[in-house]
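Dear colleague,

Please find the structure below, handed over to you together with its sequence.

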Amino acid sequence: MLLNCGMILGLPEKKPHMHRRTCKIHTERSQQKYLSWIFRGLLAVGSCFAFVNRQQSFPAAQDWCEKSGGHLAFIPDKNTQNFFEKHLDPDKDVWLGMAPSTSTRNPVSASGALSWLDGSPLTYSKWLRSPQPGAACGHILRSSSFQWEATSDCYQEMNFICQYGTSPVQNK
């Protein structure tokens, strides 16, 4: 499935200040009912996000995102955090793409400071409390003003956000 993010938001076809982008998403038709698509308009991030309304463990959520061509979402800055806060349900926990930096592929058996799944450091954070030793994954905590929580229980099930890279729309 090729997602035109500009069309999802109903943006006009020709606006010189708008940049239309596409995201290549690989999902089976049966999985599409769980998705709510939102385009992140900042070119610095250049991502589409799928807010997945399906309860999964951290490993299953990451696998789900990877099978569709993305990864669990990263929040590199306050602008991205603010964007999520505008679109998330404050009463639902949501997995983020963070795991211990010593083993991002298997967070359940890893130890160390949390980082994004690509190994990059958490340069921005909104922790409710500092992660404790043994924390293996992280999420946005419900009913907390969208603060983050680290946990050692990566098998609890919650909704998640997939992040996908974008490319410019090719005009025909």
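**Findings**

Ser-143 is exposed, with a relative accessible area of 59%. Here, exposed means over 50% relative accessible area, buried means under 20%, and partly exposed lies in between, calculated with a 1.4 Å probe on protein chains only. Please note that this is a predicted model, in which local features need pLDDT of at least 70 and side-chain atom pairs count only at pLDDT 80 or more, while totals for chains, interfaces and linings use all residues. Residues are numbered from 1 along each chain as its sequence is written, and side-chain values use heavy atoms, with hydrogens and water left out.

**The loop between β9 and β10**

Ser-143 is found in the loop between β9 and β10. Helices (H or I, at least four residues) and strands (E, at least two) are DSSP runs, numbered from the N terminus. The phi angle of Ser-143 is near 55°, which is a positive value in a residue other than glycine. Phe-146 lies in the loop between β9 and β10 as well, and its phi, near 65°, is again positive in a residue other than glycine. Is Phe-146 buried or exposed? Phe-146 is buried, because its relative accessible area is 15%.

**Two disulfides**

A disulfide is taken to be a pair of cysteine sulfur atoms within 2.5 Å. By this rule there are two disulfides.

In one of them, Cys-65 is joined to Cys-162, with the sulfur atoms 2.0 Å apart. The angle about the S-S bond of Cys-65 and Cys-162 is -85°, and the link is left-handed. Cys-65 lies in helix α2 and Cys-162 in strand β11 (residues 158-165), so the pair ties together parts that are 97 residues apart in sequence. Both Cys-65 and Cys-162 are buried.

The other disulfide is formed by Cys-137 and Cys-154, whose sulfur atoms are 2.1 Å apart. The torsion about their S-S bond is about -120°, so this disulfide is left-handed. Cys-137 belongs to strand β9 (residues 137-140) and Cys-154 to the loop between β10 (148-151) and β11, so that distant parts of the chain, 17 residues apart, are linked. Cys-137 counts as buried because its relative accessibility is 0%; Cys-154 is buried too, with a relative accessible area of 1%.

**Helix α2**

Which residues of α2 are buried? They are Phe-58, Ala-61, Gln-62, Trp-64 and Cys-65. These residues cover an arc of only 155° around the axis, and therefore sit on the same side of α2. The arc is that of the directions from the helix axis to the C-beta atoms.

Gln-62 lies in α2, which spans residues 58-67, and has a relative accessible area of 8%, so it is buried. The side chain of Gln-62 reaches the backbone nitrogen of Leu-72 at 2.9 Å. A polar contact is a pair of N or O atoms within 3.5 Å; within protein, one must be able to donate a hydrogen and the other to accept it, and residues adjacent in sequence count only if both atoms are side-chain atoms.

Gly-69, with a positive phi near 95°, follows α2.

**Strand β11 and its partners**

Seven of the eight residues of β11 are buried, so this strand is largely enclosed by the rest of the structure. Two strands pair if DSSP finds at least two bridges between them. Strand β4 (residues 47-56) and β11 run antiparallel and are joined by seven bridges; the bridge partner of Phe-49 in β11 is Gln-163. Strand β5 (residues 71-72) pairs with β11 in the antiparallel sense over two bridges, and Leu-72 stands opposite Cys-162. Strand β6 (residues 94-95) pairs with β11 in the parallel sense, also over two bridges, with Trp-95 and Phe-160 as bridge partners.

**The nonpolar core**

In soluble globular proteins, nonpolar side chains tend to be buried together. A nonpolar core is a set of buried Ala, Val, Leu, Ile, Met, Phe, Trp, Tyr and Cys residues joined through side-chain atoms within 4.5 Å. The largest such core has 38 residues, and Phe-84 and Phe-160 have the most contacts inside it. Leaving aside residues up to four places away in sequence, Phe-84 touches Phe-49, Phe-51, Ala-73, Phe-74, Ile-75 and Ile-161, where contact means heavy atoms within 4.5 Å.

Yours sincerely
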